[in-house]
Structures are given as C-alpha cells and as structure tokens.
Amino acid sequence: MGGGAVARSVTEGGILTFLKKENPSNIFYVGYPSPLPQEEGRSIDRTNDMLTRLTITDIVLIDSLHLDVGEGFTVLTGETGAGKTILLDALSFALGSRGDAGLVRKGQAQGVVSTIFSLIPKHGAFELLQELGLNIEAGEEIHIRRVQMADGRTRALVNDQAISAHGLKQLGGVLVEISGQHDARGLMDEKLHIHLLDSFGGYAPLLASTASAHAQLKAAQNALRAHEQALELAQREREYLQTVYDELIILNPKAGEEEELAQARSHMMLSEKMLGDVQEAYDEIAGYSSPIPTISSVMKRLERKAGAIAPQLEAASIALGQALDQLNIAAEEIGGVLRSLHFNPRDLEATEERLFAIRAAARKHRVPADELPNVLAKAEASLQQIHSGEQELARLSAALVQAQGAFEQQAQQLSAARLEAAGRLEHAVMAELPALKLERAIFKITLTPTPPNAFGQDDVQFLVQTNPGADFAPLSKIASGGELSRFLLGLKVALADVGSAPTLVFDEIDTGVGGAVAAAMGARLQRLGHTLQVLAITHAPQVAASARAHFHIRKTAQGEGDAQRVRTSITPLDDAQRLEELARMLSGEHITPEARAAAERLMGASNAAA
C-alpha cells in the first residue's frame, strides 16, 4: 500500500457519533466526540479541553492530595514505590474502573477521588451526559466524585447528580485515555481501527451518504421480505379465499339485512295466524254457512204476508232488514281486513331461506351477520393481492436492485477513500518509527470485504511487521513491551487529533528504552501536548525534560513505632528543583556535577525544541 504526503490529520468530526450509532452500549469511545470546523491543513485547537484538578483523599497511602494540572505536556516522576501507580489507579477509579475495598486507606471508612474537567461547549461529553439523564449544561465544568466504601460499595456523582458505574465508564472513556505497555484500549481494539482510519481520512460526508444508502438498502430488503411473506401466506390460503369469495358473492349480504329479514318474517308469521281467525269469521258471516240468505228469505215472506194477515209483522220485517244491512256491513269490513292480511306463503318461505342462509354464513365465519360484507371485501382484496402480487414483487425486486447499486457505489467510493487515507496514515506512522528506533518495522493497514453495513463493506485492521521476514500481525501480538510502547506512541502521534480523548495519560511507556529513543519519545509527547493535554509517568530524564510542567511524587514516613505511617505526596517543581530531579534521574541517589550538567543540557534542548 502506497504512502504519499500527509495532507491533513484531522476530520471535521470525531468517531464518537459513529460508535454510538453502531453500538450504544459501547463503554469506551475513542476520538474527538464533537464535529468542529477547521481550516485545511490545520489541527483542531483542543487545549481548552482538559483535566484541571485531581483530588485524592484516603486512598491507599494517600491521605490528602491535590493536583492542579494545566494544558500541554506534564510529567510525574519519583522513585519506584513512591506512589505513582496509586495516583494512576485513583484516576482510573474516578473514571469508572472497578472499585475495590483495598483502595481505602487503612483505618478509614471511605476513600474519595474527585476530578474537575474544563471542556468547550461542543464537547461530546455533554451530549453523552444528557443521554445518561444528567442535567448538565454544555460548557459547564464537569465535577466527578467517586467514593469507595471500606465495605466494598461505591457510588459516583457528576455535578452532584448520581451516575451509574456503566455511565461513569462511558464518560471516563470520552474524557481520558490511559495508555501503557499493555493498556491502550483505543489502539489495541481492532473493532475501532475502521473508525480511527475514517476519522483520520476526513471524509465524514461520504460516511454519512454511505450510512444513508445502507439504511435505504435495509428498507428495500425489509419491504421485499414482508411482501414475499404476505404473498406466500396469501398463496397458501388462495383456495380457501376463493371459496369464501364465491359463496359470499352469490349470497351478496348487506349490512342491516338480517334485522330487516327478521322483522319481515315476524310480520308475515303474525299475519298468517290472524288470517285464519279473520277468514273463519268471514266464513261464518258471508260464507256457505252465512245467515244472510236465510234472513233475507224470511224477511221477504214476512213482507208478503204482513198486510193481509197481520199488520204488526211489518215491524219485524223492518227489524230483519236492518239486521241484514248490519250483517252485510260487517261482512264488508271483515272482507277488507281479510284482503289486507293476504300474503303469499312462498314469500315467507323465501324470507326464511334468506335469513337462515345469512345466519349460517355468519356462524361459519364467526362474525356478526352485519360483518359479512367486510369478510367478502377482505377475501376480494386478498385475491386481488394475489393477482397483483407478482407485479408488486417485481417492482420491489427492482427497487432492491437499485438500492443495492446505490449502496455499492457509495461503499466503493468509501473503500477508495479509505485506501487513500490508509496510505497517508501508513506514511505518517512510518515517518515516526525511525526516531523511535523501529526503523526496520513496517506498519500496514489492510482492508478486507465484509457484509454490507452502515460503515460500508470493509474490515480495517492495523498490522505490524517488527522484523524483516516476520509475518504481519495485529498490534496486540507485538511481544516486546518496549517495542509496543514505542509503536503505540508513533501511532498516537499520527492519530493525535482524531484518535484520542482530550486528555492522554501515559503510564511508563518509556520502560526499557533510554538515550536517543527516550529523547525521541519525549519530543513526540511534547508535540502531542501542543494540541492535547498529556500526562506521563516516567523514569526517563529525556522524557521528563520535554515536559511543560513537572511534578515530583514521593513517599515519606511520619511518626514512630506503631504510630508510624507512610504518606504519599506530590510537589510541583520549579526550574531549580526540576534540574535536581533530572540530575537524580540521571545519576541516582548521589547527584554529581556531571549529572547536573547533563540535566541542564536536556532542559536546554527541550526548551529549544518547544
């Protein structure tokens, strides 16, 4: 993979956003967490993002310690066993590492570690805190206070608001990155290499368009899959649906029809019962057994005899005429009622057949009779879906092909951009290695195909060949601690603006090196301090001489006998004290004039480089 000049080493946005989208539960974020504008070829000024104070109370050998930290590169030195590791463990504890009752100073109920961070308002820590449910305004100082109880319990507060251990670890990963020979999570974690490369590459718009194309691809895949499943289910039910449709289209049920038929049937059945009674009454009055003919005949005979025999029969004849008139009126009225009650029995039979058919269909489909039209409509729609399903399937298949093509186009452009960025990053790292006495080592970035995802279709891995002829291997496979420390520092320098939290802590990464290599490491830490806050625990005077500020850690015994206790303290050094400390580091317990002279030269060279 080719090299090429390094055009710039910062992206318009760090990788925190991408990591959070890919894995919201990720507890370690690498990279500057907020998009910040910058000019081409210029680094982002992040010197205002830093740890400003570390306070430790009753932790192991420390009863009370305050460390006010400034910007740039700061070193902490001291003899072995003075408490440098305790200081680092306390900071790690404050940032979310696992607590332990052994951290509490003997005889105390609890130990406390507090930190204060000053961050610009755009720092991603504020967004993270909001997501964790903490009400902290952007730009506000972040005060972290973590308490370790002697019984093993812990609790943590951020600006006096409780935070979970998981949330604290997330926040700590955004604020500080602690690196040592065997503790460089951001660079050693192969899952983050792709994000480190992308941040270095500076092609955030291409990443966004690729993620959008992948989202559209997933949507097209889901739409096609859902339609295929629906179509498959409809095909399995086609025969049943056709039967339902055929039966109901013939029946042609209407909403409210059951009630209408039931009312009509009741009316006709009532009419049938009344018709019999009225017909019987009519037959008695006007039928074959009607008294009207008899009364009429008697009346006529009486009329003929009335004048000749007995004039008084005329009144009887008149009464019979009146009775006859009333009987005729009654017959006419009953006949009218009879005519109004007349119906066709076939109508009742047809009504009953229709009503029973509708009710049978409702029972069959387990719905109220008024829902039968909806059952018919659904069956018709499902059959229509089957008929038009093939056309929709073809349309969705074409949409998927189009989405796949759009994603592949974006992914290929992203892969090309990554290849170009990989060449620049390889070149930048290789440029750092000779001064670190790793001139025979080779740094290589590999891109291998992966299934499509929101980050394209590349798997990115950082590989190293430490000696000619050896196989390339991941960073974690570098056997030598000294080589690993130097290589990580070179990589860290190349990725300084995009691959780090704003505060870096290096834990004795100069172990096993000295002379020119230590001086080169110091120079690189000094360079990192131009844009980041860097704290380093070191035993190398060349590294210590490169720092802007110097603190000395020491352990002293207080009291006598059983009352004696050991106390760790930390002291900021002025130039004269710093000269003495560098001379001690050069010569040991007995400081010689030669050591002081060498210390002066180191400080002079460091000041000139700064």
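These notebook entries record what I looked up in a predicted model of one protein chain.

**Entry 1. Ground rules**

I number residues from 1 along each chain as its sequence is written. The model is predicted, so I take local features at pLDDT of at least 70 and side-chain atom pairs at pLDDT 80 or more, while totals for chains, interfaces and linings use all residues, and side-chain values use heavy atoms, without hydrogens and water.

**Entry 2. The whole chain**

I looked up the secondary structure and found 18 helices and 15 strands. Helices (H or I, at least four residues) and strands (E, at least two) are DSSP runs numbered from the N terminus. Of the 610 residues, 47% count as buried; buried means under 20% relative accessible area, exposed over 50%, and partly exposed in between, with a 1.4 Å probe and protein chains only. The accessible surface comes to about 30,200 Å², and 52% of that belongs to carbon and sulfur atoms. Such areas come from the Shrake-Rupley method with a 1.4 Å probe, and for residues only the protein chains shown count as cover. Among contacts (heavy atoms within 4.5 Å) between residues at least 6 apart in sequence, 73% join residues at least 24 apart.

**Entry 3. A sheet and the helix across it**

I turned to an open sheet of 3 strands in the order S9-S10-S11, with antiparallel pairing. Strands S9 (442–453) and S11 (473–474) are at the edges with a single partner strand each, so one side of each has no neighbour in the sheet. Two strands pair if DSSP finds at least two bridges between them. Strand S10 (residues 456–465) pairs with S11 over 2 bridges, in the antiparallel sense. Val464 stands opposite Ala473 in S11. Helix H13 (residues 372–432) lies across S9 and S10 and runs at about 165° to S9. Axes are lines fitted to C-alpha atoms, for helices over the stretch in contact, and angles run from 0 to 180 degrees between N-to-C directions.

**Entry 4. Two packed helices**

How do the axes of H9 and H11 cross? The axes of helix H9 (residues 257–286) and helix H11 (residues 313–340) come within 9 Å and cross at roughly 155°. H9 is therefore roughly antiparallel to H11, a term used for angles over 145 degrees. Residues making the contact include Leu275, Tyr282 and Ile285 of H9 and Leu327, Ile334 and Leu338 of H11.

**Entry 5. Helix H3 and positive phi values**

In helix H3 (residues 124–131), I noted Gly124, Ala125, Phe126, Leu128 and Leu129 as buried. Just after H3, Gly133 has a positive phi of about 90°.

I then noted positive phi values in residues other than glycine. Asp160 has phi near 65° and lies in the loop between strand S6 (154–158) and strand S7 (161–162). With 72% relative accessibility, Asp160 counts as exposed. Asn252 has phi near 50° and is placed in the loop between helix H8 (238–251) and H9. With 36% relative accessibility, Asn252 counts as partly exposed.

**Entry 6. Arg578**

Is Arg578 buried or exposed? Arg578, in helix H17 (residues 575–587), is buried, with a relative accessible area of 7%. Leaving aside neighbours within four places in sequence, I found Arg578 in contact with residues including Ala544, Arg548, His550, Leu573 and Met603. The C-alpha atoms of Arg578 and His552 are separated by 8.7 Å, and these residues are 26 apart along the chain.

Technical notes. Angles under 35 degrees count as roughly parallel, over 145 as roughly antiparallel, 65 to 115 as roughly perpendicular and the rest as oblique.
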